[in-house]
Amino acid sequence: MNHWKLFVGALLVSTAPLSPVMAQSGEDAPSTVLTGADLFNFSVASDPQISPDGRQIAYVRMTADPLKDRMAPSIWLIDVATGQQRPLVTGPGGPSSPRWSPDGKRLAYVSAVEGGSPQLFVRWMDRGDSVRVTGLPDSPSDIAWSPDGRRIAYVMRVPGDEPKLGSAPPKPEGAQWANPLQVIDKVTYRADGAGYLQAGFDHIFLVDADGGAPRRLTSGSFDHEGPLSWTPDGRTILFSANLKPDWEINAVDSEVYSLPVDGGAPVALTRRNGPDQSPRVSPDGRLIAFIGYDDRGKGYEQNHLYVMNRDGSGVRELAPGLDRSVDRLDWAGNSLVVGYEEGGSYRVSRVGLDGRVSSLASSVVGSGLDRPYAGGSWSVARDGSVAFTSGNTQSPADVSVTRGGSARRLTRLNDLWLGAKRLGEVRAFTAKAPDGGQVPSWLVLPPTYQPGTRVPMILEIHGGPYSSYGPTFSTDDQLYAAAGYAVLYTNPRGSTGYGQRFADGIEKTYPGTDSDDLMAAVDAAIAQGVADPENLFVTGGSGGGVLTAWLVGKTNRFRAAAAQKPVINWTSMALTADGVPFFAKYWMGKLPWQDPQGYWARSPLSLVGNVKTPTLVVVGSEDYRTPVSEAEQYYAALKLAGVPTTLVKVPGASHGGLTARPSQSAAKASAILAWFDRYRKR
């Protein structure tokens with residue numbers, strides 16, 4: 001992991017009436033605007049994997065299951081020439097991670113078996129037969145076929161011994177005693193979405209593609225990370241890891257390693273202070289491409305693209321003038337295909353070994369639904385064809401393909417039912433900050449908006465803070481718009497996809513320096529004649545929750561606020577979040593006891609005495625990124641200060657999974673709207 005991010009996205013108690021988002025326009029007639037119940041209609045595409053010859057695409061379709069209240073995955077196959085598609089792997093096992101064999105005749109994937117953990121399967125595409133090739137105690141990840149298609153490498157966690165201190169007395173036969181003591185000795189002992197971590201480390205394994213007992217290739221008390229990359233001769237696997245003695249404290253210092261398949265210790269190919277990762281060997285085996293950066297102790301550093309010789313010599317940066325953070329790469333012939341955020345969107349481009357950059361796809365979107373984050377997934381065939389997830393403000397992720405020209409959309413997963421809905425129009429504009437800086441912004445209008453009228457407006461702030469919003473579909477924003485609100489979202493300084501200098505705008509000052517950008521965008525929306533200046537509201541999640549709490553401590557212009565999964569006290573957050581080695585060192589610059597006043601000055605808790613705005617506080621009950629105690633502190637402080645407030649917890653939800661279950665996503669939006677409706681000026 002390069003950078004820790006705060007975000008990324010049925011209530012415990014709710015006595016508020018249902019907002020218009022959950023209402024129907026008539027007893028029998030379906031609503032013409034998006035409603036909470038509609039969240040169970042969505043299907044989205046993810047992880048499109050194009051076959052080596054570019055003729056077929058296997059992808060994961062996530063479809064809402066109203067009985068299980070989850071997005072259920074299945075693997076589908078698309079014929080690129082005709083656009084016809086068919087289900088390939090379905091069922092309760094939750095199939096995922098489709099990966100083509102080098103000859104395109106087989107497809108590996110991961111799927112759970114009844115009563116057990118996820119396993120690795122291989123499907124013969126001509127016959128349609130699938131065979132389970134592993135019997136593993138834990139889920140395999142980072143699947144990588146050998147060049148000859150005989151073997152598959154993968155990463156899996158190997159359990160370790162839990163630490164012990166002392167022992168309980170012997171238990172009588174048949175006795176029912178309390179659980180044993182939980183002894184913790186690791187710096188990072190819990191992770192958002194995973195909970196408390198069991199002892200053990202991630203290691204690399206090898207298994208025959210026809211099945212059989214796997215062989216473990218790595219050892220030691222270290223995590224070994226994918227993606228994995230084979231050399232063309234099949235003798236070596238490349239991976240990244242931090243194998244240094246201080247790996248627990250200096251977590252951002254991985255290297256690229258070469259691992260002999262037939263035995264032997266891994267050999268480091270990179271040697272610098274900073275993370276090097278995602279190695280990919282060129283088709284001729286001469287070069288290795290990878291991404292990384294020099295660690296300068298900053299809150300955010302963009303990933304740069306590098307190539308080196310097979311033995312690790314001759315390292316050079318490609319396209320140093322790109323000024324964007326490359327997050328994925330692959331080879332296509334003698335050039336590279338890379339992905340990166342670009343001005344609120346996500347782009348896939350070709351990069352030549354001479355450093356020239358040419359765009360291949362720019363309408364790439366992620367597979368999330370609730371908020372309009374920039375992102376996306378893609379893969380490339382040998383002929384340079386790129387399959388990718390595509391969409392826009394009116395349509396969530398589908399599958400598209402491009403072959404050096406214009407992109408062609410292959411799926412239309414939501415067109416039929418979503419086409420019967422009136423969605424809010426999304427207008428892009430640029431606001432001007434007081435210091436002259438540009439603030440990229442988008443305004444979502446209510447579906448029934450009449451030009452020339454003013455409507456209540458919600459400022460919705462993205463998390464991260466090192467991330468970005470863009471022209472992408474958002475259920476939250478469309479639900480707010482359907483209830484009669486305009487929705488303003490922006491990319492203030494610190495957002496990614498605009499270059500290192502723009503991201504550095506909040507270096508060691510966040511959240512203070514974002515306020516002017518956000519309020520400049522609010523004033524611009526008012527100046528456009530859309531936003532009612534007497535009916536302004538503010539919300540945001542994670543980093544956006546931080547800024548929500550910060551803004552209401554700085555201004556009384558908002559009639560109500562909803563701080564979702566915020567950080568309120570940087571001292572407590574830096575010592576209880578799941579990124580203890582990172583936040584204090586890189587975001588704050590010093591440890592809490594070295595600069596207590598600096599921590600306090602940047603904590604929204606310090607501003608509670610100024611808050612007059614009624615503020616709702618929302619958090620997942622299993623949030624380990626911005627821990628539940630942060631939201632609870634803010635709720636208690638607001639109560640003590642006499643500020644109208646309510647605490648809403650989302651049961652079982654992690655930080656990144658706050659809206660993972662459709663019912664909770666709809667209910668959360670409804671609760672926020674009910675809170676805003678309570679204080680809305682009529």
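**Stop one: a sheet**

Start with the open sheet of 4 strands, which run in the order β19-β20-β21-β22 with antiparallel pairing. Strands here are DSSP E runs of at least two residues, helices are H or I runs of at least four, and both are numbered from the N terminus; two strands pair if DSSP finds at least two bridges between them. This is a predicted model, where local features need pLDDT of at least 70, side-chain atom pairs need 80 or more, and totals for chains, interfaces and linings use all residues. Residues are numbered from 1 along each chain as its sequence is written, and side-chain values use heavy atoms, leaving out hydrogens and water.

Now select 276-281 (β19) and 316-318 (β22): these are the edge strands, each with a single partner, so one side of each has no neighbour in the sheet.

Next, pick 287-292 and 304-309. These are β20 and β21, paired antiparallel over 6 bridges. Which residue of β21 stands opposite I288? That's M308.

**Stop two: crossing helices**

Jump to α4 (515-527) and α5 (543-552), whose axes come within 11 Å and cross at roughly 80°. Axes are lines fitted to C-alpha atoms over the stretch in contact, with angles from 0 to 180 degrees between N-to-C directions. Show S515, L518 and M519 of α4 with L547, W550 and L551 of α5: they make the contact (heavy atoms within 4.5 Å).

**Stop three: confidence**

Finally, colour by pLDDT, the predictor's confidence in each residue from 0 to 100. The protein's mean is 94, with 96% of residues at 70 or more. Select 7-26, though, and pLDDT stays under 50.
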